[in-house]
Amino acid sequence: MARKAARKTAGRNANAKRAAGGKSRAKTKVKAKAKTKIKSVATPVVQPRASRPASADQKPPANPVLIEVTRGEMVESRHRVAVAVVDAGGKLVESWGDIERPIYGRSAIKPFQALPLLETGAADAFKLGEPEIALACASHNGEPQHTDRVHDWLARIGCEIADLECGAHLPYHEPTMLQLVANGGDITAIYNNCSGKHSGFLTTARHEGEPTKGYIRYEHPVQQRVTQAMSEMTGVDLTRSPRGIDGCGIPVLGMPLRAMAHGLARMADPRKLSADRANACKRIVSAIMAWPMLLGGTGRFGSSTMAVFKNRFVLKGGAEGVYAAILPSLGLGVAIKADDGAGRAAEAAMAQTLRRLKLVSAAEAKQFANLLMPPVLNRAHLEVGRIRSTGEGRF
């Protein structure tokens, strides 16, 4: 009995010690957690939002609504737009929206595509002047000022309209189109808005002794030179980029909006490029500034704006709401993409960007409001609304 009583007493004492020890350990853990918590609050580790890896199901934030279209007393439509403003060293000066998502530059990057025309010596060999160089970068209306020059250019290099592989469409310029139809004229590739660019491709092929047939294919030396030049200008290996076919049949290559703006900035300030490339960039920019109406034509935003604000910038639009600017006085490049592919949104965003960069003054913006923020007209040509900035994102 005495031994049993002793064992019970010893067991109770052991249990008491274990319980006490458990409470002590629990207190120690609580204290440790408290210290850890206090320490994390005192010295937080903050990652920049841009550097935080997104989860697989997490979508990037939507681009801001920068442009809206009014009709009467109501906003009828809204456009989400991304904008990148970059200097020649690659520094991001300003941006709105997702500028790292790859986009197709479409016709807005034609100044890049014209570089081999000059760098190979083809332009000088065939005695091309500023009008032809501007047309090599053009998305023209198909007016006589465009097609007559393209026709003479093709004859100079020993080619015919049939050698153009860009396809045919009616002239964009309505009076020219109506006259062509009324006269029963043939709708040929010379009226294609890209016929100047394709004449440049044919010129390079002729100069290098390459086949002209198939010059639009990615594997052709003409397009390989274009890809290399664009890769070097944008700093992106475009041989590994998403690829598609443009409206005129040539390859179209995906690149981040920021990289596109960087390449445009290098054209604006080519001092750190090789001598040959810097010379080519200067000649392209000078040709476009001297002949803005050849780049697009009558009634086109880019041509009209460059004609009004002489020698301040180069503007070049592309399909699906893409727009580019080369700003030599600031050494900057601007690349714009409207999410919904609306050209009116890209044009309005470009106008606002030029204002923000002080290349267009407040007084000039007011004077040329119908050009920079155009009215919405009804069939009677009466103003019923306006395309304008929303003011979102300091825009």
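Buried here means under 20% relative accessible area, exposed means over 50%, and partly exposed is anything in between (1.4 Å probe, protein chains only). The model is a predicted one, so local features need pLDDT of at least 70 and side-chain atom pairs count only at pLDDT 80 or more, while totals for chains, interfaces and linings use all residues. Residues are numbered from 1 along each chain as its sequence is written, and side-chain values use heavy atoms, with hydrogens and water left out.

Two non-glycine residues turn up with positive phi. Glu-320 has phi near 60° and sits in the loop between strand 7 (314-318) and strand 8 (322-327); strands are DSSP runs of E, at least two residues, and helices are runs of H or I, at least four, numbered from the N terminus. With a relative accessible area of 45%, Glu-320 is partly exposed. Lys-358 comes in at a phi of about 65°, in the loop between helix 14 (343-356) and helix 15 (362-367). Lys-358 counts as exposed because its relative accessibility is 74%.

Ile-187, in the loop between helix 7 (174-182) and helix 8 (195-208), is partly exposed at 46% relative accessibility.

As for the cysteines, a search of the whole structure finds zero disulfides, a disulfide being a pair of cysteine sulfur atoms within 2.5 Å. For Cys-166, the closest cysteine sulfur is in Cys-194, 6.8 Å away, so it is too far for a bond. Cys-166 is buried at 5% relative accessibility, and Cys-137 is buried at 0%.
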